[in-house]
Amino acid sequence: KGPGEIAGAGIRAEVQITNQTASAINLDGSSVSLSYGKSKTPAVPILTADQPFVGSLGAGQTVKAVYNFSVSSKGNPVYLQVSYTGDQPAAVFVGKV
């Protein structure tokens, strides 16, 4: 547990990106966030446990990252938003925990 982090319900999101282009892409500006419930309350990231996307991803390569979030135990549904660049829309995954 890091400073300011509290124990409780959480979600560990393992995210994979595959570069299907002919050029490398920069993942340093990538963003992964989570919200939950009907009101889409933003989840609190647990940064000390993250293994985020960083660096460059070559053409045809795949990389995995891990993001952790603190959520209410009544957090359904959950919305995971993933973006590797601000130039493209985010992919949104919806599910239950």
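Analyst: A strand here is a DSSP run of E spanning at least two residues, with the numbering of strands starting from the N terminus. In this predicted model, S39 lies in the loop between two such strands, β3 (31-36) and β4 (41-42).

User: What makes the pair S39 and T41 a polar contact?

Analyst: The side chain of S39 and the side chain of T41 are 3.1 Å apart in this contact, a value that falls within the 3.5 Å limit set for a pair of N or O atoms. The pair is accordingly listed as a polar contact.

User: How far apart are S39 and E14 in sequence and in space?

Analyst: S39 and E14 are separated by 25 residues in sequence, and their C-alpha atoms are 24 Å apart in space.

User: How do you know that β5 and β7 pair, and in which sense?

Analyst: Pairing requires at least two bridges between the strands, and β5 and β7 (residues 62-70) have two, in the antiparallel sense. Within this pairing, V44 has S70 of β7 as its bridge partner.

User: Why are β1 and β5 called edge strands?

Analyst: In the open sheet, three strands follow the order β1-β7-β5. β1 (10-18) and β5 (44-45) each pair on one side only, and therefore they are the edge strands.

Conventions: Residues numbered from 1 in each chain as written. Predicted model: local features only at pLDDT ≥ 70, side-chain atom pairs only at ≥ 80, totals over all residues. Heavy atoms only, no water. Helix = DSSP H or I, 4+ residues; strand = E, 2+ residues; numbered from the N terminus. Polar contact = N/O pair within 3.5 Å; in protein donor to acceptor, adjacent residues only side chain to side chain.
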